[in-house]
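Please go through the points below with the model open beside you.

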Amino acid sequence: MTTRVFSGMQPTSDSLQLGNYLGALKQWVALQETHDAIYSVVDLHALTVSPDREVLTRRTRATAAQYLAAGVNPDRATLFVQSHVPQHAELTWVLSTFMGMGEASRMTQFKDKSAKVGEAATNVGLFTYPVLMAADILLYDTNVVPVGEDQRQHLEISRDLAQRLNKRLGEGTAVVPEAHIVKEVAKIYDLQEPTSKMSKSSSSPNGLIEILDDPKAIAKRIKSAVTDTDNVIAFDPQAKPGISNLLTIYSALTGRPVADIVADYEGKMYGHLKVDLADIVVGALTPVREASMEWMESPDKLDDVLADGAAKATVIAQATLERVYDRLGLLPLKRR
């Protein structure tokens, strides 16, 4: 039996960034060759930040377009938009009755985000976010979930909820998912704040490398990346986080060991490395950018791919939901 993998990203920005590309998309493309892969644009999660209607629609299509442009193949993987499969919301309600208030309030992401925006701006959706994430995973009898170290806590909630379902409703009610962590995946940091992870919530857009950025803008941001004053090219994440981040990006995109890259630049200045790296990043992202634009300029074609994916996902999701409903004792709808 083929191992099933599920993953998704929120459409909360106009473009995915380099960290998403290296840390997620490239892994998804590889996993679709060896797993039964299900990938989603998780737009229901994005509602926790109260997005503008038209912006959310545009970003949902743009996110899906970038999945496809990066190599997600709808003939090999199921690709869909989360809100197109209503079983996600239905299973979320069931799972919320298996999770305690104290447990939910201890989630690191909730504590961090609610502290940042304040109590008045913290909605219930943000509080129950991990339950929806668990529903995303358990709905597809997912075996493995590709996650970063910072997402382990949410996966643990999914595992806990699956085990509670099995304990209360009987073994086989839910598949208990495992983490799929690829150790060699590069962690990419902000170009202006190289001790912080590259993120769409970055304090400065100059710290990001976005897939849909103009190539000239990408090159400019790399060339203006923060380094340090001694001008020695060496890999030392503690003492030299800026230059180490650039070396990590260089290695991730070329497949060359960092030590070999450092040796190539012995006696050279930071500027030499930045110019070469700018060419490498632009060369890697330009085909993805161009393919993304083609998909975005053909919304009907893109929507057809997403509709086909939603139809396939719904078959799996409905079977799981019916199994859970039956074991809970919910009265089945009489078909006429």
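How many cavities of 30 Å³ or more does the structure hold?

1. The structure holds one such cavity. A cavity is found on a 1 Å grid over the protein atoms alone, as a set of points where a 1.4 Å probe fits but cannot get out. Grid points are joined across faces, edges and corners, and the volume is the space filled by probe spheres set on the points. For the largest cavity that volume is about 30 Å³.

2. Before going further, note that this is a predicted model, in which local features need pLDDT of at least 70 and side-chain atom pairs count only at pLDDT 80 or more, while totals for chains, interfaces and linings use all residues. Residues are numbered from 1 along each chain as its sequence is written, and side-chain values use heavy atoms, with hydrogens and water left out.

3. The largest cavity is lined by L91, L138, L165, T173, A174, T320 and V324; a lining residue has an atom within 4 Å of a grid point. Sorted by type, this lining has five nonpolar residues, two polar and no charged. Here Ala, Val, Leu, Ile, Met, Phe, Trp, Tyr, Cys and Pro count as nonpolar, Asp, Glu, Lys and Arg as charged, and the others, Gly among them, as polar.

4. The second largest pocket holds about 270 Å³ of space. A pocket, unlike a cavity, is an open set of points, with protein on both sides within 12 Å along at least five of seven lines. Its lining consists of E90, Q318, L321, E322, Y325, D326, L330, L331, P332, L333 and R335. These divide into six nonpolar, one polar and four charged residues. Helix 14 (residues 299-328) gives the most to this lining, with five residues. Helices (H or I, at least four residues) and strands (E, at least two) are DSSP runs, numbered from the N terminus.

5. Which residues of the largest nonpolar core touch the most other members? They are L18, Y21, L25, Y39, Y67, I209 and V281, out of 59 residues in that core. Helix 13 (residues 270-296) gives the most to this core, with nine residues. A second, separate core has 35 residues, including F6, M107, V131 and A134. A nonpolar core is a set of buried Ala, Val, Leu, Ile, Met, Phe, Trp, Tyr and Cys residues joined through side-chain atoms within 4.5 Å. Buried means under 20% relative accessible area, exposed over 50%, and partly exposed in between (1.4 Å probe, protein chains only). In soluble globular proteins, nonpolar side chains tend to be buried together.

6. Leaving aside residues up to four places away in sequence, L25 touches M9, L16, N20, Q66, Y67, A70 and I211. Contact means heavy atoms within 4.5 Å.

7. Helix 8 (residues 129-138) is mostly covered, with ten of its ten residues buried. Among them are Y129, P130, D136 and L138. T128 sits in the loop between helix 7 (124-127) and helix 8. T128 counts as partly exposed because its relative accessibility is 29%. D141 is in the loop between helix 8 and strand 4 (144-146), and has a positive phi near 50 degrees although it is a residue other than glycine.

8. In helix 10, the buried residues are I218, A219, R221 and I222. Seen down the helix axis, they fall within an arc of 165 degrees, so they line one face of helix 10. The arc is that of the directions from the axis to the C-beta atoms. K216 and K220, on the other side of helix 10, are exposed. Helix 13 is included in what covers the buried residues of helix 10.

9. Is N245 buried or exposed? N245, found in helix 11, is buried because its relative accessible area is 3%. Not counting residues up to four places away in sequence, N245 touches K187, I188, Y189, D190 and L191.

10. Q238 lies in the loop between helix 10 (215-223) and helix 11 (241-254). With a relative accessible area of 74%, Q238 is exposed. The C-alpha atoms of Q238 and T195 are separated by 8.8 Å, although the two residues are 43 apart along the chain.
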